[in-house]
Amino acid sequence: MYEETYGTGKPLLLIHGNGGSIKSMASIIPYFSKHYKVIATDSRAQGKSVDTGDSLSFEMMADDEAALLQKMHIDSAYVIGWSDGGIVALVLAMRHPDRVIKLASTGANLWPDSTALIPSLWINEKEEYDSKHSERRETAKEKNDWKIFMLDWLQPNISLTALHAIRCPSLIISGDHDLIRLQHTIKIYRNIPEADLWVLPDSGHGTLIEHTQEFDKEVNDFFEKPFHKR
């Protein structure tokens, strides 16, 4: 598993979205590396983290992050996850609660249908699946790209009640024009015992890129200040 470390201080784990890499989180590294030991990772089968298996799951990726922290002799860390990385952050807190101090999850969904995703995104994904699922994939890249696509087509499959297992304070983030339905994000927020909700106005899915300075400050304030549910 490929990772890069920046800065010193309390550990902060960054987890990118589907098909991305550490580069996807580049906009927030300069700020947070002044305050934390930033650990930016390439998730399994993405970026420079090679995976030759035939399938992928959010549980695998969450377990990878936990194993990395253990390998680095880090008991627990703050976590920022975007899109698929936001899902991984939630699953990490569910499966390895002692590893997460606080988390910020932006643009995450719990299941892969049009009640969670905006209809246009779901339709686009269905069209891609319908047109490509029967194609022969010869090269390692073709197989890997399809595996990454299928991750979001079939997953995640997280129940609302499963979120009750998240014990750490959690900042659940959405853009007001996000690819994830706002009603779905609100359900995530309402089912985590210690959670705040932050909806960025005039923002799409890329909250940390479209509003970097505001994102940096709000997330850092959430991490630094004692949690009080609003």
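In helix α5, the buried residues are N144, W146, K147, I148, F149, M150, L151, D152 and W153. Buried here means under 20% relative accessible area, exposed over 50%, and partly exposed in between, with a 1.4 Å probe and protein chains only. The model is predicted, with local features needing pLDDT of at least 70 and side-chain atom pairs counting only at pLDDT 80 or more, while totals for chains, interfaces and linings use all residues. Residues are numbered from 1 along each chain as its sequence is written, and side-chain values use heavy atoms, with hydrogens and water left out.

Helix α5 has 15 residues. From its first C-alpha to its last, α5 reaches 21 Å, close to the 21 Å expected at 1.5 Å a residue. The expected span is 1.5 Å times one less than the number of residues. The cover over the buried residues of α5 includes α2, α3 and α4 (119–132). Helices (H or I, at least four residues) and strands (E, at least two) are DSSP runs, numbered from the N terminus. R137 lies over the face of W146, at 4.2 Å from the ring centre. For such a placement, NZ of Lys or CZ of Arg must be within 6 Å of the ring centre and within 35 degrees of the ring normal.

The largest nonpolar core has 38 residues. Such a core is a set of buried Ala, Val, Leu, Ile, Met, Phe, Trp, Tyr and Cys residues joined through side-chain atoms within 4.5 Å. V79, L90 and I192 have the most contacts inside this core. Two or more residues each come from β2 (10–15), α2 (58–71), β4 (77–82), α3 (84–95), β5 (100–106), α5 (140–154) and α6 (182–190). The largest share, seven residues, comes from α3. A second, separate core of 24 residues includes F32, W198, F222 and F223.

Strand β2 is mostly covered, with five of its six residues buried. Six bridges join β2 to strand β3 (residues 36–41), and the two run parallel. Strands pair if DSSP finds at least two bridges between them. P11 stands opposite K37 in β3. Four bridges join β2 to β4, again in parallel. L14 has I80 in β4 as its bridge partner.

L13 lies in strand β2. L13 counts as buried because its relative accessible area is 0%. Contact means heavy atoms within 4.5 Å. Leaving aside neighbours within four places in sequence, L13 is in contact with I39, T41, E65, L69, A77, Y78, V79, I80 and L92. The C-alpha atoms of L13 and V79 are separated by 4.7 Å, although the two residues are 66 residues apart along the chain. Not counting residues up to four places away in sequence, V79 touches residues including L12, L13, I15, K102 and F223.

The count of aromatic pairs comes to 12. Rings of Phe, Tyr and Trp (its six-membered ring) pair if their centres lie within 6.5 Å; planes under 30 degrees apart count as stacked, over 60 as edge-to-face and the rest as tilted. Y36 and Y78 form an edge-to-face pair, 5.7 Å centre to centre with 70 degrees between the planes. This pair links distant parts of the chain: Y36 is in strand β3 and Y78 in strand β4, 42 residues apart. Both residues, Y36 and Y78, are buried. Ring pairs link Y31, F32, Y36, Y78, F222, F223 and F227 into a cluster. The charged end of K102 sits over the ring of F222, 5.4 Å from its centre.
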